[in-house]
Amino acid sequence: MTGWLGGLQIRRTDRGQTPVADFLCTACGTYRRITGRDKVRDFVRANPITDHRAHCPANQKGTSR
Ligand SMILES: [Zn+2]
């Protein structure tokens, strides 16, 4: 866990009032930000990393790694 290599990161603005989820795919550069407790919860439950990897344009090309 050194630095953020992409994936899902959840932060809270202040005192847990508003969770903010950042999703980043370093392979293709897709970035999304989700704000709001309910939206973040649903987003995390949807397993965005696994879901994205299945559709990631960088994976489809079959590059190394
Ligand atoms: Zn991607």
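The questions below go from the overall fold to single residues.

This is a predicted model, in which local features need pLDDT of at least 70, side-chain atom pairs count only at pLDDT 80 or more, and totals for chains, interfaces and linings use all residues. Residues are numbered from 1 along each chain as its sequence is written.

Q: What pattern does the protein chain follow, read along the sequence?
A: Helices (H or I, at least four residues) and strands (E, at least two) are taken as DSSP runs, numbered from the N terminus. The protein chain has 3 helices and 3 strands. Read along the sequence, the pattern is β-β-β-α-α-α.

Q: In what order do the strands of the open sheet lie?
A: Two strands pair if DSSP finds at least two bridges between them. E1 and E2 (residues 19-24) are antiparallel over 6 bridges, and E2 and E3 pair in the antiparallel sense over 5 bridges. The open sheet of 3 strands therefore has antiparallel pairing, and its order is E1-E2-E3.

Q: Which are the edge strands?
A: The open sheet has the order E1-E2-E3. An edge strand here pairs on one side only, and that holds for E1 and strand E3 (31-35).

Q: Which strands does helix H1 touch as it packs on the sheet, and what angle does its direction make with that of E2?
A: Axes are lines fitted to C-alpha atoms, for helices over the stretch in contact, and angles run from 0 to 180 degrees between N-to-C directions. Contact means that the C-beta atoms of two residues, placed from the backbone, lie within 7 Å. Helix H1 (residues 37-45) touches E1, E2 and E3, and its direction makes with that of E2 an angle of about 35 degrees.

Q: Is leucine 8 buried, exposed or partly exposed?
A: A residue is buried if 20 or more other C-beta atoms (placed from the backbone) lie within 10 Å of its own, exposed if 12 or fewer, and partly exposed in between. Leucine 8 belongs to strand E1 (residues 7-12), where the count of buried residues is 0 among 6. Because leucine 8 has 18 other C-beta atoms within 10 Å, its class is partly exposed.

Q: How far apart in space are leucine 8 and valine 44, C-alpha to C-alpha?
A: Leaving aside neighbours within four places in sequence, leucine 8 is in contact with Ala21, Phe23, Val44, Pro48 and Ile49. Leucine 8 and valine 44 are 36 residues apart in sequence. In space, C-alpha to C-alpha, their separation is 8.3 Å.

Q: Which residue in E3 does alanine 21 stand opposite?
A: Alanine 21 is the bridge partner, in E2, of isoleucine 10. In E3, alanine 21 stands opposite isoleucine 34.

Q: Which residues does cysteine 28 touch, not counting those up to four places away in sequence?
A: Cysteine 28 is found in the loop between E2 and E3. It is partly exposed because 16 other C-beta atoms lie within 10 Å. Beyond its sequence neighbours up to four places away, cysteine 28 touches Cys56, Pro57 and Ala58.

Q: Which residue in the hairpin of E2 and E3 takes a positive phi?
A: The hairpin of E2 and E3 has 6 residues between the strands. There, a positive phi near 85 degrees is taken by glycine 29.
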